[in-house]
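Have the model open as you read along.

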Amino acid sequence: MNKVSIIMQHPTGNRELIRAINRSHVLNAIKTHGPIGRADIARKTGLSPATVTSISAKLISQDLVLEKAAGDSSGGRPPILLVINPKGGYVVGIKLTETHAVCALTDLEALVIAKASMPLSGHKPAQVVDDLARMVTSFIREQKITKKQLLGIGVGLAGIVDAEDGILRQSPIYGWDNVPLRSMLQSKLHIPVYIENDVNTLTLTERWFGHGQGVDNFLTVTVGRGVGLGIVANGQFYRGQTGGAGEFGHTTINPDGPLCACGKHGCLEAYVGDPSLIRSAQEAAARGELSASVQNLDELLALAQTGEAGAIQIFDQAGRILGIGIANLINLFNPKKIIISGEGTREGDFLFIPMQESIQQNTMPGLFDPNTVEIAPWGDDAWARGAAGLVLREVFESPIHKKVTTPVTA
């Protein structure tokens, strides 16, 4: 399908939209292939050299793009190369947890420049919003970043999020329902705010800056306190009808299984999430199968690392059950890649070797590929960086993929 037919299918196709789409083509060609000359951008995007020259001049004037030293020439004057200017703007990403907020400042390449953490003073919406507003104001002042330099603020948290309307529909950690979190925080800071489910923020950032770059069909599975799922299908991020797609942790493994925090029995999360592993360890200690009772996952992991069979068995069982769940995802989605992320990746081979074995055993033979699953490195700022990716997505994504409710300005 050519570019014109794509544009004509958009309900608000007009000159401003076409300009915005062309701008996105040029910007993403520079992001993906830079340093790159204008002639190469024209060839890759199908745009005319004059259009590329005009758009790149505007991007340079906005400090989003830089000119670099001349590249190699096959004859004639060497081309001037274009690259994304990482310091052309900044983004704040916030990850909200039950007890605190983690904040990260990134540049246009999603590189974390600084981070901070702050305890929450309470769980009422107004309290949390006040805390976040104070945190952001103090944080950017310390980093000597002005509000003019900020492209926006991304907030990621657990729960069902209506990202388009900026409403937290349901929060399992705060007990909130239908809280207009975006507008509340935006009115305090007067900076564009974007909110999203935390697993979705990681997926979006993988799509633009991580392991999902150039992959049109991939899933992100997060393992930690819970088990989450982000979905990219045919190059498009999938949220579901009300923003609730991806509750992978609450798919049922055994309806007669252990009670899950959601109130159902036998959810995947009730076997694989951190609380379930700790509970299994405490039950094993009570039966004399562990040398000591544990209070957190680090203690259980330490026992496994010393070779204690009971601890290794707990991770082994969780890995095999997780593998069943991931095999089901492969059978359903047939993705090119599944990225495993989250704090649970620190469990390493104790969890992932049995998981891989279980995936192979339970995936339809024609769909199994050992290279499908990839374990992403984990850092303590990853959630906040993921939230920052919400804003960066707005910078780089073509408006053809966005829900347009007002005329798009170039």
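Q: Why is Ser-171 called buried?
A: This is a predicted model, and in it Ser-171 has 1% relative accessibility. Buried means under 20%, so Ser-171 counts as buried. Ser-171 is found in the loop between β9 (167-170) and β10 (177-179), and it touches Ala-158 and Trp-176, leaving aside residues up to four places away in sequence.

Q: What makes the pair Asp-198 and Lys-95 a salt bridge?
A: The closest N and O atoms are 2.4 Å apart, and the cut-off is within 4 Å, so the pair qualifies. Asp-198 lies in helix α7 and Lys-95 in strand β4, so the pair ties together parts that are 103 residues apart in sequence.

Q: Are Asp-198 and Lys-95 buried or exposed?
A: Buried means under 20%. Asp-198 has 6% relative accessibility, so it counts as buried; Lys-95, at 11%, is buried too.

Q: What makes Asp-130 and Lys-188 a salt bridge?
A: Their closest N and O atoms are 2.9 Å apart, and within 4 Å is what the rule asks. Asp-130 is in helix α5 and Lys-188 in helix α6, 58 residues apart.

Technical notes. Residues numbered from 1 in each chain as written. Predicted model: local features only at pLDDT ≥ 70, side-chain atom pairs only at ≥ 80, totals over all residues. Heavy atoms only, no water. Helix = DSSP H or I, 4+ residues; strand = E, 2+ residues; numbered from the N terminus. Buried < 20%, exposed > 50% of the residue type's maximum accessible area, 1.4 Å probe, protein only. Contact = heavy atoms within 4.5 Å. Salt bridge = Lys/Arg side-chain N within 4 Å of Asp/Glu carboxyl O.
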